[in-house]
Every structure is written in structure tokens, then in C-alpha cells.
Amino acid sequence: MHFYILDPTNLPAERFEQLQVQLSGLLAEFNIAGEMVRVAPLRRIPDLVDLASQRGVRTLVACGNDDTFNMVLANLKGRDFTLAYIPFDPDSALARILGTKDVTTAVKSLAARRIENIDLARIDKTFFISYLEFGVLSRNIKSINLWNVFKLVSEPKISLSARVDDSYTINLECMGGLVINSRSSSSSKESVANPTDKHLDFLILENLSKMFLFQHKESIISGRLEEIPGTTVIKCKKLEFLKPAGQALTMLGRVISKFPATVEIQQRSLKIVVGKDRTF
Amino acid sequence: MENFETSFGSVTETVVGPSVKIQGDLNSEGNIRIQGHVHGNVKTSESVFIEETAKITADIQAGNVICAGEITGNMKVAGKMIMQSPSHITGNLECGILQVEDGAVFNGEVSMGNQKKVQAEVEEE
């Protein structure tokens with residue numbers, strides 16, 4: 001049985017109702033209807049995941065925005081669910097990663113039960129399948145014009161110290177970086193950002209001049225830092241951010257943790273429903 | 001001058017940028033490109049490319065090595081070792097094939113012909 005968790009957060013009531021009606025219609029059409037529950041102040045996501053577990057549900061479907069999915073993921077607590085995501089947000093980064101760009105595509109993928117086992121990464125108590133940012137990459141940059149270049153270059157530089165795989169320490173002054181499990185701009189041909197390789201990719205953007213920054217703006221916007229000469233690329237299973245203390249680690253611009261913090265890939269993987277246009 | 005990708009093909013897995021300082025044991029399952037400083041040990045069964053800006057104080061065990069930077073340490077290379085200009089290498093070397101280009105400086109002892117033994121050591125672990 002499928003268990004659908006519908007999250008109206010950040011959606012106007014009218015838009016949410018429309019999406020709910022569209023979703024119900026598609027589920028009936030593809031014959032994958034199940035129990036639909038709506039997130040409410042007294043029935044939050046952790047309660048609903050517990051409820052699904054009590055009912056013996058095998059497929060849990062997060063319907064909402066990327067935060068909805070991440071909250072469901074954070075509350076699985078090792079229970080054996082197959083997870084699916086139906087995006088209500090047209091700008092969802094996770095939907096691009098999973099190849100379920102809209103409600104219709106996501107429902108079709110769910111009906112087709114195209115399931116992949118992907119790596120699960122963890123920072124402190126938060127699990128994630130996408131990526132973390134720090135420094136200028138936390139700015140969620142959508143475009144780089146001359147004004148943005150000046151702003152980015154004038155950002156304070158980070159004296160980074162991190163320990164990799166309990167094996168070596170890395171020190172440098174940088175503008176920012178990414179810790180990637182998977183991302184919305186990769187392809188299956190690349191070795192970076194593959195969420196099935198049991199590794200995290202740690203990309204560090206060194207200090208760049210204004211000209212260089214402008215020259216490589218597309219790579220910075222899309223997070224493909226490995227295309228920029230001089231970018232450090234490290235594959236690892238465990239990453240401990242040591243310094244500077246208090247430096248924020250964000251996910252899509254939202255602060256998840258602060259240095260010192262440890263990010264690691266988990267032994268167990270996650271069964272997840274994906275579309276054919278997934279990025280891995 | 002030989003290029004890393006044309007010499008050894010596959011994609012570089014680890015890149016150490018020019019302003020990076022690494023202290024400890026850098027182990028990788030794939031190719032490594034070093035532009036910064038490494039103090040410790042470097043180990044991979046694949047290839048290592050040490051660029052002009054790199055300064056390495058470490059023992060290196062690798063499948064192949066192309067060096068244009070500075071190394072102080074002993075090296076065990078199962079396959080090919082290429083010393084490019086302006087590399088400056090101080091330490092002993094065991095390798096299968098050695099190529100030294102004009103302008104490269106090497107101070108140390110070279111031992112060749114024990115390819116199987118070196119390969120087994122590099123692939124160990």
C-alpha cells in the first residue's frame with residue numbers, strides 16, 4: 001500500500017487544493033491510490049511517518065517541497081520503506097535529481113515502480129541525498145552579473161580546515177564549497193555526484209579573481225565546480241569540518257549545521273522511486 | 001611534453017588544488033592530480049600527476065607517475081615514471097619504466113626490473 005503525506009507548507013490554499021485534486025485523479029488513473037494524509041499543526045511529518053510504520057506501509061510518498069522530503073527522510077529512523085517524492089514546487093532541486101519534475105511525471109514513475117538504491121549521507125542527525133554548501137555557494141546564486149561578481153569577491157575568505165576519512169587533514173583559504181551526494185546538474189557519465197558510488201564528493205572553490213569568476217559563472221551557478229581549473233575535488237566517506245568554528249553549512253540556502261560538523265556516507269542505502277530523467 | 005589524460009586516460013578522481021596543504025596519508029582508488037602541498041604519504045593503484053606548482057614531502061606508491069613539480073621522498077611506481085621539466089626529485093625510486101625529460105632534476109637511486117614485486121606492493125591494501 002502507498003501512504004501519501006501531503007504538505008501544504010508555502011502553498012496558497014487554492015493552489016494546494018488544485019494539486020490535491022490533480023494528484024487524486026492521477027492516482028486513480030494509474031491505479032496506485034492509497035491512504036492520503038495531510039500535514040497539520042497537530043499531525044506533523046514525524047507523527048505521520050510513525051503512523052505509516054504502524055500500518056505496515058511499504059511505500060511512503062512525500063508530496064510537497066524539498067523540505068517535506070528531507071523531513072520524511074530524517075524521520076525514517078532505519079525503518080524499511082521505499083520512498084517516493086511528488087513535487088508541488090516547480091523549482092524543486094530534488095525533483096530534478098530524481099527525474100520527477102512535476103506531479104504527472106512523479107506519479108507515472110511511481111506507477112512504473114522504477115526503484116534505485118541510493119546512498120544516504122548524514123550530517124549530525126540529518127540525512128540527505130542531495131548536497132550541502134558553505135561560503136559563497138550558500139548564496140543560492142541564480143545569476144552572475146557584474147554586481148554579483150563584486151559582491152562574491154568581497155565576501156570574507158574562509159580559512160578552511162577539514163579532516164578526510166580519518167586519514168589526512170586539508171588546510172586552505174577558499175571562497176566556499178560543496179559536499180555532494182547527488183545534485184541536479186550531473187549526468188550518469190560523470191564520476192562526480194553519483195549517489196550510488198558509496199562516496200561523497202567534496203569540492204572546494206579556491207579564491208578567484210573577478211575576471212575568473214565571471215569567466216566560470218555558469219559552472220558556479222550550476223555547482224559544477226570541478227569544471228573550474230584549480231578546484232579541489234576529493235572523494236571520501238567521512239568529512240569532518242574543523243575550522244572556522246561557526247561557519248554555516250546549508251542545504252539550498254537553509255542552515256543545517258555549523259562547523260565543527262561531521263558529514264558521512266551511511267552503510268545502508270535508501271530505496272527510492274526515480275524517473276527516467278534522473279541525474280545519476 | 002606528455003599530458004596526463006593522453007598518457008593514462010581515465011578521469012581524475014582526486015584533485016588537490018594549488019593553495020591546498022594536505023597533512024597525512026592521501027589514499028585514493030583513482031587517479032590523483034596534485035597542484036598543492038602534500039606532507040605524508042600518497043597511495044593509489046592508478047596514476048598520479050604532480051604539477052609544476054606542487055610540493056610533495058611524502059613517500060609515493062602508484063601505478064604511474066608524471067612529475068613536473070617537487071618531490072622529496074621515496075617512490076614505488078608499478079608502471080611508468082615520467083620526470084618532466086622542471087621537476088625536482090630527491091629520493092629513491094623503484095619503477096617499471098623510467099622516462100627523464102630535459103630539464104628534470106633527480107637525486108637518488110633508481111631500481112628497475114622488480115616490476116612484479118613493486119606492483120604487488122602498490123596494489124596491497
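In this predicted model, helix 1 (residues 13-29) and helix 5 (residues 103-112) of chain A pack with their axes coming within 10 Å and crossing at roughly 30°. Since angles under 35 degrees count as roughly parallel, that puts helix 1 of chain A roughly parallel to helix 5 of chain A. The crossing of helix 1 past helix 5 in chain A is right-handed. On the helix 1 side, the contact is made by A:Leu19, A:Gln22, A:Leu23, A:Leu26 and A:Leu27, and these meet A:Val103, A:Thr104 and A:Val107 of helix 5. Sorted by type, the residues of this contact come out as six nonpolar and two polar, with no charged ones.

Most residues other than glycine have a negative phi, but A:Asn31 has a positive phi of about 60° and is not a glycine. A:Asn31 sits in the loop between helix 1 and strand 2 (35-38) of chain A. With a relative accessibility of 69%, A:Asn31 counts as exposed, because the cut-off for exposed is over 50%. A:Arg113 is another non-glycine residue with a positive phi, this time near 50°. A:Arg113 belongs to the loop between helix 5 and strand 5 (115-123) of chain A. At 36% relative accessibility, A:Arg113 is classed as partly exposed.

Turning to helix 6 (residues 146-153) of chain A, the buried residues there are A:Asn148, A:Val149 and A:Leu152. Looking down the axis of helix 6 of chain A, these buried residues fall within an arc of 105°, so they line one face of the helix. The other side of helix 6 of chain A carries A:Leu146 and A:Trp147, which are exposed. As for what sits over the buried residues of helix 6, the cover includes strand 9 (168-180) and helix 7 (210-215) of chain A.

Then there are the cis peptide bonds. In chain A, a cis peptide bond links A:Phe259 to A:Pro260, with omega at about -5°. A:Pro260 is part of the loop between strand 14 (254-258) and strand 15 (261-273) of chain A. In chain B, B:Ser85 and B:Pro86 are joined by a cis peptide bond, with omega at about 5°. B:Pro86 is likewise in a loop, the one running between strand 9 (75-83) and strand 10 (88-90) of chain B.

How values were computed: Residues numbered from 1 in each chain as written. Chains lettered and ligands numbered in written order. Predicted model: local features only at pLDDT ≥ 70, side-chain atom pairs only at ≥ 80, totals over all residues. Heavy atoms only, no water. Axes fitted to C-alpha atoms, helices over the stretch in contact; angles between N-to-C directions. Helix = DSSP H or I, 4+ residues; strand = E, 2+ residues; numbered from the N terminus. Parallel < 35°, antiparallel > 145°, perpendicular 65-115°, else oblique. Left-handed = near helix turned anticlockwise from the far one by under 90°. Contact = heavy atoms within 4.5 Å. Nonpolar A, V, L, I, M, F, W, Y, C, P; charged D, E, K, R; others polar. Buried < 20%, exposed > 50% of the residue type's maximum accessible area, 1.4 Å probe, protein only. Arc of directions from axis to C-beta.
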